[in-house]
Amino acid sequence: MMEPGLYHLLFISAALFFIGVYGFLTRRNLITMLMSIELILNSVNLNFIAFNKYLWPGKMDGLFFTLFIIAIAAAEAAVAIAIIINLYRSHQSIDVENAEELKY
Amino acid sequence: MPNSTAIALIPLLPLAGFLLLGLAGRKYLKNSSGIIGTALLLASTVLALYTAYEYFFVYGRVNGVYQQFVPLEITWLEFSKGVSINISLIIDPISVMMLVVVTFVSLMVHVYSLGYMKGEERFPTYYSFLGLFTFSMLGLVLSGNIFQIYIFWELVGVSSFLLIGYYYDKPSAVAACKKAFIVTRFADLGFLIGILILSYSAGTLDFPTLIQRLTSPGSDEIKTAVTYSFLGISALSWGAMLVFIGGAGKSAMFPLHIWLPDAMEGPTPVSALIHAATMVVAGVYLVARLFPVFALTTPAVLEIIGWVGAVSAIIAAVIACTQTDIKRVLAYSTMSQIGYMMFALGVSSYGGGGESGYTASLFHLFTHAMFKALLFLGAGAVIHFVHSNEMKDMGGLRKYLPITHITFLIACLAIAGIPPFAGFFSKEAILLAAHENNKAIYWIALITSGLTAFYMFRLYFTIFWNKPHVIHGEKHGEGGWAMMLPLVLLAVGAAAAGFIPFGEFVSPDGKPIESKFHLGFSVAPVALGVGGIIAALWLYKKQSDKSTKLAASLGRLYKAAYHKFYIDEIYLFITRKVLFNLVGRPAAWFDRHVVDGLVNLAGNTTQAVSEGIKKVQSGKVQQYAIYFLAGVILLAVLVIYGWK
Amino acid sequence: MITGSTIIFYLLASLTLTCGFLSVTTRQIFRAAIYLLFSLIGIAGLYFWLQYEFIAAVQVVVYVGGIVVLIIFSIFLTQQAGEKLAKQKPGRKIFSALAVFCGFALTMIQVYQHTFYETSETPLPTTVFNIGKKMMNVNEEGYALPFEVISMLLLAAMIGCIVIALRSKPETK
């Protein structure tokens, strides 16, 4: 086992990101897709923090990016859930396969 | 000097009538529209007579020569400096004479229509159309340039179309107005091209300048124009010929005459005004207006005009002998008389003593307007009385229609050329001119004049003598004063117009020419005329089967004439069989298969492609995400490994 | 040499990745939410391990206390009890897995081929005091403007949520 460093964090971040992408692509339930998006956002946050810690410890840019992304993620989750619940009202389902009116 | 306001008002008053009655007539002026139209035209007529008096007797003649005046000239369309289309009025002997003829005949018809058209549903519309026609015709005769004459020429065609189709619920009237419009349009196409050639060659549209430039042998315009030629004929000759084709279409010259008999579907006063006295002589007027060009620059075309006129005259006269619809007889008679005017122009020449034909032609135009309008109005009275156009429904009407009878007889004598009625003098002058210049045409004209007397008196005897008339239903009179007054006035004109010394006033170059008159020369035509009358008397005075026997003995010839020499059928054959099959069908096939095919190909290709690619827009979010991810990875690979 | 710090790191990392993976694969939606919760807690732990305590606290408060609770509420509103999630087509699963693996491989190859130069500048302690001073600073190296922008965004999101929730009202009338 090695001393954990930047590469380990980047590995975790990338793995989490692609787990999120996999979930986004394979889930049919909109709420679980939203969860996958949260995972993706978190992987990005982790990335920012890791770079901030190991490459530019004298600055706080990555930290602030993470803060703002968390704020945006909160807003996004609220709006997304409002939309999902509205969709559930009109379709009686939140299966993404059933909500495909927006096409040709 | 000419009073330009008065002259401009002559055409503008009928235009005002047209606008007023056309816009407000049917709603507000239901009963007074006839009076309004007539009153406006009366004012116009008075102004025309005043202008004529002033021109001929006060200021027109300078040093014994009638001058040409342009009292009004407005730049209408200025394309650039020096290139513009003007609106101008021209005053010279023929336009002044035409003003008098048009306003007088039109006034008579307006008055007559007060009685004849009474009770019509669209009475105000009728009067507004009459106003439009009178305006257009007056504009045409006053036009100072060749483009303006074309505008009014087409306006005349439109108003003729409207009036022929006045009874638009009658299918035959609708067909007739379409036919008249299409045939004259066809001729007008030639006219337009002719105008373009002539005005291009001359570099101007104005008549005085155009004539001056195209007739002086040494001018630059002539020198350039003769260098162009097409099919071995010079451009100028083509231009003159095409202009004449326009005139021939309007004047119902053979072979473009087929619309005129059908045009009789219109109300009878309209036939009297448009298809006898005024519009149909527009072609003669046009040739007379451009006469110096025809005579000096393109004498060959003038000769063609002469022959076309002569052929039209005799063919129409032969056909007129066989028709049974009285208005059609009069229509063919009109065509025959216009043929006279045309060949009189054709045999004439400019200067050098040969200009008597020109004067004779316009003299005949003048007298013909009188007696032919009278004949039509008389025929209108007869039709009004018996409610039919067919000869077989008539006979013995002289007791019931005494005034119509007398005036109709005067008109028949006039057209037959019996002295001392008007037709005698003008026809004599024409025959004399033909005799001097072209013997062949002279003989044709002589035969035609005999035929004219025969068919006119055939008409006269069948209507007023022959079998006794059986009154169906209620008996009514001849119609009120409104219908009788024009008949009497025109009868006076038909009887007395011949004594006007016409050569004094109208000649190609404005100089008065001496009216030649030989008593000895008149013997042959008068004798032929009397012979025609006697033949008609013998055949038609009493009801008998002599005429049918004669027709049977003539066999083929009679049948051919009865069917108008199958000219309509030839046209139908050419258009239906030849043009439709050889041009129309291939063009339609090409359009349907090639042009439409290309359009459809473009449309179908687009549709097929979009059918294929629209599947991408599936509405499935995850598919979009997959495309997006695949695209990002692909781009990343490309940028990282391909960007060296 | 294995220190306690290293062991904690690997424990946190495995917690995060395992829970994340389970969160996107389990067929029971409520369990998925709970796995997500633990995955997020693992990330918060990593922030602690990196000595970014403030961010770790925010992570716990906003994600664990806010978003996950929101998600669980929405699950209660839309899901029937005991219902399993619909299965995805196997073709889609295989394709997604392949694409994801390729993407991951590509990323890691890039990461390991790249040399990061670690700087020797003195680290700035990420205390709340320092963060607050930077965030409210309107001069250079200050974050007042993005802060304002984010606040506007939050306001807009709030109004948007209200509008979306209101939409059904006219229909009931």
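A residue is counted as buried if 20 or more other C-beta atoms, placed from the backbone, lie within 10 Å of its own, as exposed if 12 or fewer do, and as partly exposed in between. By that definition, buried residues make up 50% of the 104 residues in chain A. The structure is a predicted model, in which local features need pLDDT of at least 70 and side-chain atom pairs count only at pLDDT 80 or more, while totals for chains, interfaces and linings use all residues. Residues are numbered from 1 along each chain as its sequence is written, and chains are lettered from A and ligands numbered from 1 in the order in which they are written.

**Chain A**

- Chain A has 3 helices and 0 strands, where helices (H or I, at least four residues) and strands (E, at least two) are DSSP runs numbered from the N terminus.
- Along the sequence, the pattern of chain A reads α-α-α.
- Of the contacts in chain A with a separation of 6 or more, 50% join residues 24 or more positions apart, a contact being two residues whose C-beta atoms, placed from the backbone, lie within 7 Å.

**Helix pair in chain A**

- Helix α2 (residues 30-54) of chain A and helix α3 (residues 61-91) of chain A have axes that come within 9 Å and cross at roughly 175°; axes are lines fitted to C-alpha atoms, for helices over the stretch in contact, and angles run from 0 to 180 degrees between N-to-C directions.
- α2(A) and α3(A) are therefore roughly antiparallel to each other, since angles over 145 degrees count as roughly antiparallel, under 35 as roughly parallel, 65 to 115 as roughly perpendicular and the rest as oblique.
- Among the residues that meet there are L34(A), L41(A) and F48(A) from α2(A), and F65(A), I69(A) and A73(A) from α3(A).
- The contact of α2(A) with α3(A) has 16 nonpolar, 4 polar and 2 charged residues, with Ala, Val, Leu, Ile, Met, Phe, Trp, Tyr, Cys and Pro counted as nonpolar, Asp, Glu, Lys and Arg as charged, and the others, Gly among them, as polar.

**Helix pair in chain B**

- Helix α3 (residues 93-116) of chain B packs with helix α16 (residues 356-386) of chain B at an angle of about 5°, with their axes 10 Å apart, and α3(B) and α16(B) are therefore roughly parallel to each other.
- The contact of α3(B) with α16(B) has 12 nonpolar, 2 polar and no charged residues.

**Chain C against chain A**

- In this interface, 68 residues of chain C are in contact with 62 residues of chain A.
- α3(C) gives the most to the side of chain C that touches chain A, with 12 residues.
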